[in-house]
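Please open the model in a viewer and keep the selection tool at hand.

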Amino acid sequence: MEPGTIDNLCILYQSSDFIVVNKHWDLRIDSKLWYETLTLQSQLKRRFPELADPHTYYGFRFCHQLDFSTSGALCVALNKAAAGSAYRCFRDRLVTKAYLALVRGHVSQRRMTISYAIGKNTTEGMTHMMCIDGTEGCDNPKPCQSELIVLERGSYSGDPVTKVLLQPLTGRTHQLRVHCSAIGHPIVGDFTYSHRQDSSPYRMMLHAYYLRIPTSTELIEVCAPDPFLTSMDSNWVPQQVLHQLDETIQELKEKMMQKQEEQSQEAVLGGGEEEAQEAAGSPETEEQRACCEQWLAEWALE
């Protein structure tokens, strides 16, 4: 995957209600800074000018977030009803998201659940960071869980690294980055959570690989091509395969489908869902905008 430009937006999925893009690394979703003109929003406006909605906060209804440094699958709703349908999937924990990462060192366990609570770091000079419970200056830590599955062990530029699949079971800012750092295996190229040591790779090696959103009207299911292949980056040399990626994704999918089936009857008995039935052209209220911003903030998972 090449660096992002205004013209090379990659579309993974498109319907009348949703678009899923393969976001480039080192690209913000949106920016109000005058000098930061290349964003996902500007790419979308360039490619789909007719779909931009000036009445929304971002110009487009982003269903979740990806960090500036993270690449991969990101879903955009094209109208209020679609956004509401996607929101309910996140609210009811029916969304399956899985990330690929290269982490420093060889992870000894084949699978592990990481359960550190995460809060905001209030230490001077570190307020842009999150931290785990027990760290000095860690404010309001909340319970978090991430699943880690080892795919391959190998080396990157001669140093030992492990290719892993990460599944966030909760949604906290920088969750995957903080959790990997907390277990002693920071993500390759993560300058912030490697204590400012890891600056040599061309990017942070975290990629939103798999996304499944079973909305009430359509199933969104996409894979953003794996960028961590030797054919794409010769610095990465796998040496030992522990789990096959396709089989691992299928396992996650089956678990989530079972959960969805178990919850389906409860959803029906709950009565009519809160469908967004407002006229397509009506402006977004301040309350809806604030709700959208809060929702986005809670789903900055990487």
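Which residues does Leu94 touch, not counting residues up to four places away in sequence? Select Leu94 together with Cys89, Arg212, Pro214, Met256, Gln260 and Gln263, for these are the residues that Leu94 touches beyond that limit, where a contact means heavy atoms within 4.5 Å.

Before the next stop, please note that this is a predicted model, in which local features need pLDDT of at least 70 and side-chain atom pairs count only at pLDDT 80 or more, while totals for chains, interfaces and linings use all residues. Residues are numbered from 1 along each chain as its sequence is written, and side-chain values use heavy atoms, with hydrogens and water left out.

**Around Leu94**

Remain at Leu94, which is found in the loop between helix H2 (80–91) and strand E5, in a scheme where helices (H or I, at least four residues) and strands (E, at least two) are DSSP runs numbered from the N terminus. Leu94 has a relative accessible area of 12% and therefore counts as buried; buried means under 20% relative accessible area, exposed means over 50%, and partly exposed lies in between (1.4 Å probe, protein chains only). Now select the C-alpha atoms of Leu94 and Arg212: they are separated by 8.4 Å, although the two residues are 118 residues apart along the chain.

**The whole protein**

Zoom out to display the complete chain. The protein has five helices and 14 strands, and 51% of its 302 residues count as buried. Among contacts with a separation of 6 or more, 68% are between residues 24 or more positions apart.

**The nonpolar cores**

Next, select Leu44, Phe62, Leu165 and Leu166. Of the 49 residues in the largest nonpolar core, these four touch the most other members; such a core is a set of buried Ala, Val, Leu, Ile, Met, Phe, Trp, Tyr and Cys residues joined through side-chain atoms within 4.5 Å. Strand E5 (residues 96–104) supplies the largest share of this core, namely six residues. A second core of 17 residues is separate, and includes Ala77, Phe90, Ile220 and Val222.

Centre the view on Leu166. Leaving aside residues up to four places away in sequence, Leu166 touches Lys97, Ala98, Tyr99, Ala101, Glu147, Leu148, Leu176, Cys180 and Leu206.

Then select helix H1 (residues 40–47), whose buried residues are Leu40, Gln41, Ser42, Gln43 and Leu44. These buried residues of H1 pack against strand E2 (18–23), E3 and E4.

**Salt bridges**

Twelve salt bridges are counted, each being a side-chain nitrogen of Lys or Arg within 4 Å of a carboxyl oxygen of Asp or Glu. Select Asp67 and Arg177, which form a salt bridge whose closest N and O atoms are 2.3 Å apart. Asp67 lies in the loop between strand E3 (61–62) and strand E4 (71–77), and Arg177 in helix H3 (residues 175–182), so the pair ties together parts that are 110 residues apart in sequence. Both Asp67 and Arg177 are buried.

Move on to Arg111 and Glu251, another salt bridge, with the closest N and O atoms 3.0 Å apart. Because Arg111 lies in strand E6 (residues 111–114) and Glu251 in helix H4 (residues 245–269), this pair ties together parts that are 140 residues apart in sequence. Arg111, at 37% relative accessibility, counts as partly exposed, and Glu251 counts as partly exposed at 30%.

Select Arg61 and Asp53, whose side chains meet in a salt bridge (3.4 Å, N to O). Arg61 and Asp53 are both buried.

**Two positive phi values**

Finally, select His174, in the loop between strand E11 (159–168) and H3. His174 has a phi near 60°, a positive value in a residue other than glycine. Arg196, in the loop between H3 and strand E12 (206–214), likewise has a positive phi, near 65°.
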